[in-house]
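Reader: I'm new to this one and would like to learn how to read it. Could you walk me through it, feature by feature?

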Amino acid sequence: MTTQQEKATAHTAQATHTKAPLDAVTQAKRPRFTRAQLLAGIIALLCLIVGIPSWVIQMTTVQFGEGLVTWGLNIDLFFLSAGIGSSLLAVTGLSLFGVLPGVYAQRKFLSIISFACLFVASWIVFVDAGTPLRVFSIIFSPQFNSLFVWDFYFIALAALISLIILFKREPKRALGCLGIVFGLAVTITEGCVLAVSVGTPHWSLNIGIPILFVLEGMIAALALILLISRVPQEEKRLVNALLALLAAALVVNAVDVLVGAYLGSGIEATTIAVMVVGGLAPLFWGQILLGLLVPLILLAIRRTRVSISCAAVLAIVGVFLGKLMTLLSGQAVLADGTLSTYMPSLLELGACVGYVGFVLLIVLVGMQIVAHRAAQNESVLVSEELA
Amino acid sequence: MRYGMVIDTSRCVGCNACAVACKQIHGTAPGVFWNHVERWEEGSYPNARMKYQPVMCNHCANAPCAEVCPVGATVVAENGIVTVDKERCMGCRYCVAACPYDARTFLMSTEGYYPELGIKTGFEETKEFLHEAGTVEKCILCNDRIAEGKEPACSKACPARARIFGDLADPTSTIAHLVLQHQAHGLQEDLGTGPSVRYIS
């Protein structure tokens with residue numbers, strides 16, 4: 001036997017020796033699905049069964065909602081998803097500075113949700129485009145004078161930072177800083193996408209839109225953290241922050257309506273009338289009452305687990321309604337003064353259900369990957385101890 | 001060079017010949033009008049009057065649609081005409097939201113006027129290549145006709161000579177004279193879009 005063969009045999013023997021306990025440890029620590037995860041998986045699957053055919057039809061036949069509306073439910077979900085994802089990243093980034101230890105402990109879970117929301121937001125742009133394959137032109141021949149391009153790149157960077165926070169064992173503060181900057185950049189840019197649109201007076205006259213987008217993103221992110229994460233040591237601080245954000249959003253909305261109403265005539269005044277007493281009144285009052293006032297009262301009066309959960313759910317619903325209301329109110333009055341109508345088609349609703357399922361699926365897969373990596377790391381440590 | 005149009009609303013009789021000529025030349029889909037005539041009533045009986053205003057893409061010098069396009073599909077050409085490259089347009093509809101004149105249409109389908117027959121007419125077939133579902137389209141000021149030395153179909157078809165086409169940058173042109181003489185104004189000029197379509201009222 002040559003020296004090389006001897007070495008190889010010895011290496012194989014050593015590998016066989018260490019492999020047995022390693023397998024046992026890996027087997028013992030292999031992540032399993034909890035009941036909640038199984039339920040979420042089934043919901044995700046059902047949503048995707050509805051969503052995937054809707055996406056395929058939407059992408060191949062170019063069908064959207066009914067009515068004279070440029071952007072509808074799809075873009076509402078895009079803004080919601082990107083807003084939640086980027087704001088979660090900002091909060092997670094903040095936790096890296098040691099101010100929110102409970103959130104820091106949950107950073108991997110929150111980073112998975114953040115990445116899932118940002119990824120699905122990009123997917124929505126793809127599905128919603130009239131010619132989806134040309135969306136790649138944003139990468140290959142971007143026009144940087146368009147805020148849409150900046151938004152696209154900020155979302156991509158925010159998603160990347162989420163992934164780095166997710167897989168880094170001890171993420172540094174610099175990463176937290178980047179998370180905060182790009183998390184906020186996404187929501188601000190999205191608000192500005194609407195605010196620079198001179199063709200839509202309700203958006204371009206309303207400097208509150210970027211502020212509102214930041215507030216709504218943070219409201220949804222904090223509500224989600226309170227709803228699904230266990231952060232008892234920070235619950236009070238997070239609830240206080242949510243309370244302040246809800247109050248601020250209420251003020252911005254009130255200012256928007258009062259300024260519009262003060263104008264008295266013109267497209268902006270007509271838009272406000274449509275919002276407050278016209279066709280968009282159910283959305284407007286739904287957002288103000290259900291999405292802002294009721295959670296505000298619930299959190300201010302009683303802070304039990306049930307009331308906090310109810311307020312969090314209502315706050316997220318309010319953000320969804322608020323963004324839809326912002327979108328539709330901007331397009332409510334046409335240039336010639338006529339009023340437009342909008343009704344989402346079944347296809348659009350199906351596509352939106354699919355997006356929810358897609359987020360759930362990515363979160364579940366992400367959790368399994370993280371759990372698997374954790375189990376592997378632990379088994380390596382145990383095998384090193386055994387060796 | 002900056003091509004544009006002066007529209008004398010006092011001469012417009014609301015016959016829609018311009019809208020029909022445009023549809024005939026470009027073969028736009030059902031419900032899609034690159035230019036049309038808006039009408040409304042002013043005053044009250046017995047002094048009521050019908051008012052007409054032809055509207056189309058204003059071919060703005062500072063076109064908001066071109067500024068927001070993420071892929072550079074919408075451009076302002078050197079001759080001032082704003083065009084959409086349908087081979088590049090990804091159908092995000094940001095330009096539709098940005099246009100203050102509602103002059104853009106997102107084409108959901110290239111279906112003809114008789115979908116129940118399952119076929120397109122010969123006319124529709126000859127114009128099919130001009131349109132692509134999932135993209136945005138608008139008035140192109142008949143730039144192909146201009147290249148041949150002709151005037152746009154809408155101004156050519158106008159029986160009342162309410163539409164005058166020409167080069168706004170040429171001080172010797174009829175259109176430049178009309179703009180100066182009548183202080184022709186653009187729509188929503190306060191937005192700073194610099195429209196190349198001016199109105200005499």
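Reader: Let's pick a spot. Leaving aside neighbours within four places in sequence, which residues is A:Ala223 in contact with?

Author: First, a bit of background: this is a predicted model, where local features need pLDDT of at least 70, side-chain atom pairs count only at pLDDT 80 or more, and totals for chains, interfaces and linings use all residues. Residues are numbered from 1 along each chain as its sequence is written, with chains lettered from A and ligands numbered from 1 in the order in which they are written. Now, two residues are in contact if their C-beta atoms, placed from the backbone, lie within 7 Å. With those close in sequence left aside, A:Ala223 is in contact with A:Leu242, A:Ala312, A:Ala315 and A:Ile316.

Reader: Which residues touch the most other members of the largest nonpolar core?

Author: Start with the term "buried": a residue is buried if 20 or more other C-beta atoms lie within 10 Å of its own, exposed if 12 or fewer, and partly exposed in between, with C-beta atoms placed from the backbone. A nonpolar core is then a set of buried Ala, Val, Leu, Ile, Met, Phe, Trp, Tyr and Cys residues joined through C-beta atoms within 7 Å. The largest one here has 166 residues, and A:Ala116, A:Ile219, A:Leu222, A:Ala223, A:Leu242 and A:Ala315 touch the most other members.

Reader: And what does chain A consist of in helices and strands?

Author: Helices (H or I, at least four residues) and strands (E, at least two) are DSSP runs, numbered from the N terminus. Chain A has 15 helices and two strands. Of its 387 residues, 47% are buried. Take the contacts in chain A with a separation of 6 or more: residues 24 or more positions apart account for 79% of them.

Reader: How do I read a pair of helices, say helix 5 and helix 7 of chain A: at roughly what angle do they cross?

Author: You compare axes, which are lines fitted to C-alpha atoms, for helices over the stretch in contact, and angles run from 0 to 180 degrees between N-to-C directions. Angles under 35 degrees count as roughly parallel, over 145 as roughly antiparallel, 65 to 115 as roughly perpendicular and the rest as oblique. The axes of helix 5 (residues 107-128) and helix 7 of chain A cross at roughly 155° and come within 8 Å. That makes helix 5 of chain A roughly antiparallel to helix 7 of chain A. Among the residues making the contact are A:Phe115 and A:Leu118 of helix 5 of chain A and A:Ala159 and A:Leu163 of helix 7 of chain A. For classes, Ala, Val, Leu, Ile, Met, Phe, Trp, Tyr, Cys and Pro count as nonpolar, Asp, Glu, Lys and Arg as charged, and the others, Gly among them, as polar. This contact divides into eleven nonpolar, four polar and two charged residues.

Reader: Helix 11 and helix 12 of chain A: roughly parallel, roughly antiparallel, roughly perpendicular or oblique?

Author: The axes of helix 11 (residues 235-263) and helix 12 (residues 266-276) of chain A come within 8 Å and cross at roughly 125°. That makes helix 11 of chain A oblique to helix 12 of chain A. Residues that meet there include A:Val257 and A:Leu263 from helix 11 of chain A, and A:Ile272 and A:Val276 from helix 12 of chain A. By class, the contact has six nonpolar, three polar and one charged residues.

Reader: Is A:Tyr355 buried or exposed?

Author: Count its neighbours: with 26 C-beta neighbours inside 10 Å, A:Tyr355 counts as buried. A:Tyr355 lies in helix 15 (residues 346-386) of chain A. Beyond residues up to four places away in sequence, A:Tyr355 touches A:Gly51, A:Leu77, A:Ser81, A:Val120 and A:Ile124.

Reader: How many residues of chain A are in contact with chain B?

Author: 26 residues of chain A are in contact with 29 residues of chain B. On chain A's side, helix 6 (137-140) and helix 7 (147-167) are the elements that give two or more residues. That side has twelve nonpolar, twelve polar and two charged residues.

Reader: What about the backbone: which residues does a cis peptide bond join?

Author: Most residues other than glycine have a negative phi, and most peptide bonds are trans. In chain B, a cis peptide bond joins B:Tyr45 and B:Pro46, with omega about 10°. B:Pro46 is in the loop between strand 2 (36-42) and strand 3 (49-55) of chain B. As for phi, B:Arg93 has a positive value near 70°, and B:Arg161 has a positive value near 55°. B:Arg93 counts as buried, with 21 C-beta neighbours inside 10 Å, whereas B:Arg161 is exposed, with 9 other C-beta atoms within 10 Å.
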